[in-house]
Amino acid sequence: MRKIIIPVLAVAAAGFLIAQFVDTLLALALILAAAVALLSIAEGGGARLKMIVTFSLGLAAFFIFVSRHGLAAAPGFSDISEFQLLAETIHLNIFIFLFGLYVFVNCLSYTGIVGDIAWKVVKLSGGRLTIILVAIVLLTSFLAGIFDGATVASIMGIITLTILLSGGMSSKDIVSVMLLLVICTNVGGVWFVLGEPTNVLAAEKMGINPLFFLRYALPFAAIAVAAACIVAFRVAVRKPKVSKERPEMEVLLEGISLKRVHAGHGNLLETMINLGEIQVKMIGKIEEMIDRGIPDFDAALRAGVPEDVVHHALSINLNSKELSRGLIDYWNARQKKDPMAEIIIGDLLEYVRDEYKKRRKSRVFIFTGAGVLLVILGVHSFFQQLPTWVSTLSAGAVAFIGIGATAKRSILGQAWHDLTEAFFLIPLFGIISLINTMGGFELIGEKILSLGGTAVGGLTVFFSSGLVSSVADNIAVMDAVTNLMAQSVHWQFFSLAAIVGTALGGFGSPIASVQAIILSTLIRRVSRITFFGWIKRIGLFFLVLAVLYAALLFLFDLLSVVPDAPRVGTSAGAG
Amino acid sequence: MIEDYLSAEDITFDISGKDKFEIIEKLLSFLHERGRISDLHCAIQAVEHRERVRATGLEKGVAIPHAKLDEDIRIVAGIARLKEPVDFQAVDGTPCRHIVMILAKRVPGGAVHISALSTFARVFVTAERMARLDAARTPEEYFTILQKGDHA
């Protein structure tokens, strides 16, 4: 906390001084850049720390702006009735959209349908690793276009790790495959509007039709997926077959998964903190052990948290007292090399399988919800007055009907928790909006365009968004970048460059995106990977993809594939 | 304690069968005849379902088939010492001769049956005690050896 507070105060003070003696726009730009940079440091501290950073600096930026231009000049503050403008400034529609999507994906996770599909693939492939890995790459990329990358990363990451561990693959190869998943959940998912919050933001802000993604972004996803398939094939070739049966590890990983579904309280540590049942001095110790790949409940027990406290938190976290008790008993028995561990794991397996069987009934609602989602998005393609959040909210509502009574509250709790993780973005959107009000982005946009036409402009947007989003939050980067192109007739081409750029940047480092963070934590269960180790392992793929994408963008411009057009139905003017 | 879960009357030496499922059915029928459980069919289904998920054979010839039932029971236990050991896919690969059946009421949390399982698993640990259990001439003698092992 201390290592964040001091830089935040220093940045705020520097902002006030620059505004006083140099220029307000420069001060706001500094605060924005510092906020984005400090978020990288705050990443490990969770949503609360990120909110402290952005809300403090957002407040500083607001005061600087108001002290210079007056309250009435701030977007949404000129009139008390300007709620709509204020809502647009903080992108309220995107938060509603995301809430609907989170309800839907949490319902989806609850049914266990994705796991079943993955294991069906293993069965159909006859255990051949080449087919399994290529199928995983394709399935992950497909899902990453429809659901948010973080959810797909947690579900597919755990399934893949289970399959690879049961196949006795070396940790080096496992790391390679897991890194492919990071790529697939980022660039593999640019093919459709739902894939990433950045896609949703770009679509909402610029008024991009959902078909735009299928028409123009799909080739970029296809290149990444093809390259990932080749790498997956090379990793798997000449490797022995894996077991076609779901191993007991499935249960174990279900329990030790990074972020559990249908929970409502995030991960175990967050649950214990929320319940106030943990001493502050233990938190760092537990975090350090989790970082070393020790399961969270085991880390809590080792750190000295009483067993009943861990059991209570885990029961809430897993929405099941039985699973919680069983996991703790299993872990204790395994530590003591007690043969009872075998009996307990069998009971857990039986419990989980029965639970999934019950949940199969919910799947019909998931399919209906998915149908509703696609129909409404289709209608939105022709009638853009229909807000896109109607699609996810309706789909989430339909899927929610099929959820068992006891899990309903947890699903809503988890969806809300997922949403609150994005609240730190609100002040960032605010700062970006203030800079936009002062014409800052227009100025940079004009400078980029003056560099030499659409292709150079597009490539500048592509490379800058790719590089910045490798270390900074993708959504904030997308929000800022979309402002650059707000007034240009090439906005569709620039939007494509920004969408592809932020997706590419999303796997550039272990902190580049939520899915990168999730998968790097899973990777730590088999091997340690440092920040630079990640860059070294993934760097070549990143560079090759960057060059291929740049070439494709250049080709798109040359052939005028993406037409120029005046903008319609947008909210970009507000921020 | 072991006497919280069973008495000498819940132990039988008269069961034999060609496989573990036959043994399970016979042991459950024995408990049903003694009035310890009311729905034999449901109990067989539940125990066999659990056995199919993962075998319950432990080490040193002991197996603990078990299940949770919707019946109003707390814990029901019964033991069969088989004439000929039967394969229960035990952890150490040894065919099992001492079959401990445990049935518990289905309750949220499910910790009760685990403590019963642990109690029984504990009394079968030493080779010396296993030899005495193998040599026991009556169920009463068998029960006494178990009790002594539990209190040891």
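Visitor: Before we look around, what does "buried" mean here?

Guide: This is a predicted model, so everything we discuss is computed from it. A residue with over 50% relative accessible area is called exposed, and the label "partly exposed" covers the range in between. Buried means a relative accessible area under 20%.

Visitor: Then is A:Thr140 buried or exposed?

Guide: You'll find A:Thr140 in helix 7 of chain A, residues 129-146. Its relative accessible area is 1%, and the cut-off for buried is under 20%. So A:Thr140 is buried.

Visitor: Which residues does A:Thr140 touch, leaving out those up to four places away in sequence?

Guide: Start from helix 7 of chain A, where A:Thr140 sits. With residues up to four places away set aside, the list is A:Val152, A:Met156, A:Leu181, A:Cys184 and A:Thr185.

Visitor: How about A:Lys241, buried or exposed?

Guide: A:Lys241 sits in the loop between helix 11 and helix 12 of chain A. Its relative accessibility is 58%, and the cut-off for exposed is over 50%. So A:Lys241 counts as exposed.

Visitor: How far apart are the C-alpha atoms of A:Lys241 and A:Gly127?

Guide: Along the chain, A:Lys241 and A:Gly127 are 114 residues apart. The C-alpha separation of A:Lys241 and A:Gly127 is 4.9 Å.

Visitor: And A:His490, is that buried or exposed?

Guide: A:His490 is in a loop too, the one between helix 25 and helix 26 of chain A. Its relative accessibility is 17%, with under 20% as the cut-off. So A:His490 counts as buried.

Visitor: Which residues does A:Ala503 touch, again skipping those up to four places away in sequence?

Guide: A:Ala503 belongs to helix 26 of chain A, and with a relative accessible area of 7% it is buried. Its contacts are A:Asn186, A:Val187 and A:Val190.

Visitor: How do helix 18 of chain A and helix 2 of chain B lie relative to each other?

Guide: Their axes are 9 Å apart, and they pack at an angle of about 105 degrees. Angles from 65 to 115 degrees fall in one class, so these two helices are roughly perpendicular.

Visitor: How many charged residues does that contact have?

Guide: Chain A's side of the contact includes A:Glu342, A:Asp347 and A:Arg353, while B:His49 and B:Arg50 are among those from chain B. By class, there are four nonpolar residues and two polar ones, and the charged residues number seven.

Visitor: Which strand of chain B is largely enclosed by the rest of the structure?

Guide: Look for a strand joined by two bridges to strand 1, running parallel, and by eight bridges to strand 5, running antiparallel. Nine of its twelve residues are buried, so the one you want is strand 4 of chain B.

Visitor: Which residue of strand 5 of chain B stands opposite B:Val76?

Guide: Strands 4 and 5 of chain B run antiparallel. Opposite B:Val76 stands B:Leu103.

Key. Residues are numbered from 1 along each chain as its sequence is written. Chains are lettered from A and ligands numbered from 1 in the order in which they are written. This is a predicted model: local features need pLDDT of at least 70, side-chain atom pairs count only at pLDDT 80 or more; totals for chains, interfaces and linings use all residues. Side-chain values use heavy atoms; hydrogens and water are left out. Axes are lines fitted to C-alpha atoms, for helices over the stretch in contact, and angles run from 0 to 180 degrees between N-to-C directions. Helices (H or I, at least four residues) and strands (E, at least two) are DSSP runs, numbered from the N terminus. Angles under 35 degrees count as roughly parallel, over 145 as roughly antiparallel, 65 to 115 as roughly perpendicular and the rest as oblique. Contact means heavy atoms within 4.5 Å. Ala, Val, Leu, Ile, Met, Phe, Trp, Tyr, Cys and Pro count as nonpolar, Asp, Glu, Lys and Arg as charged, and the others, Gly among them, as polar. Buried means under 20% relative accessible area, exposed over 50%, partly exposed in between (1.4 Å probe, protein chains only). Two strands pair if DSSP finds at least two bridges between them.
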